[in-house]
Amino acid sequence: RMRVLCFLFAFAAVAAAQSYQVRFDVTLGRGQQGSFIVEVVPEWAPIGAQRFKDLVNKGFFNDCRFFRVISGFMAQFGINGNPQVSSYWRNQVMQDDPVRQSNKRGFLSFATSGPNSRTTQMFINFA
C-alpha cells in the first residue's frame with residue numbers, strides 16, 4: 001500500500017482564484033519513496049478546490065493510504081486513519097461544482113456516490 005504525505009506550496013502567497021500546487025510525498029511498498037505534484041485550478045471547480053485546500057491545510061491526507069488502485073484506471077485515497085476525523089468529514093458534504101473541465105488522464109477528482117455527495121475521497125485518473 002502507498003502512504004501519502006502532502007504539502008501545500010505557496011498557499012499564503014496566492015489569491016483564491018489563482019492556481020496552486022500541492023506536493024504529495026508517497027511511500028511505496030518495500031520502503032520506496034516517491035512524490036508527485038498536483039496543480040489545482042480553482043476556476044475549474046471552486047468548491048472542490050477550496051475543500052481540497054482546507055483538507056491539505058488541516059493535514060487530513062497525511063499518512064492516508066491509496067486504498068483502491070486499478071491499473072490503467074485510477075488510484076483512490078481520502079479516508080483518514082483516525083475514526084473521529086473520518087466521522088467528522090463524512091458528514092461535510094459539498095455541493096457539486098458546474099462541470100468546466102473534463103476528468104482527463106492525470107486529473108485529480110473527488111469521488112461521488114451521486115449528486116452533491118463529495119466529501120474527502122479523491123481519485124487520480126489513469127485512463
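The model is predicted, so local features need pLDDT of at least 70 and side-chain atom pairs pLDDT 80 or more, while totals for chains, interfaces and linings use all residues. Residues are numbered from 1 along each chain as its sequence is written, and side-chain values use heavy atoms, without hydrogens and water.

The protein chain has two helices and eight strands, in the order β-β-β-α-β-β-β-α-β-β. These elements are DSSP runs numbered from the N terminus: helices are H or I with at least four residues, strands E with at least two.

F24 and F61 form a tilted aromatic pair, 6.5 Å centre to centre with 55 degrees between the planes. Rings of Phe, Tyr and Trp (its six-membered ring) pair if their centres lie within 6.5 Å; under 30 degrees is stacked, over 60 edge-to-face, and the rest tilted. F24 lies in strand β2 and F61 in the loop between α1 and β4 (64-65), 37 residues apart. Both residues belong to one aromatic cluster, whose members include F52, F77 and W89.

The largest nonpolar core has 21 residues, among which F24, F52, F61 and F77 touch the most other members. Such a core is a set of buried Ala, Val, Leu, Ile, Met, Phe, Trp, Tyr and Cys residues joined through side-chain atoms within 4.5 Å. Beyond its neighbours within four places in sequence, F77 is in contact (heavy atoms within 4.5 Å) with residues including F24, F61 and L108.

Terms used. Buried means under 20% relative accessible area, exposed over 50%, partly exposed in between (1.4 Å probe, protein chains only).
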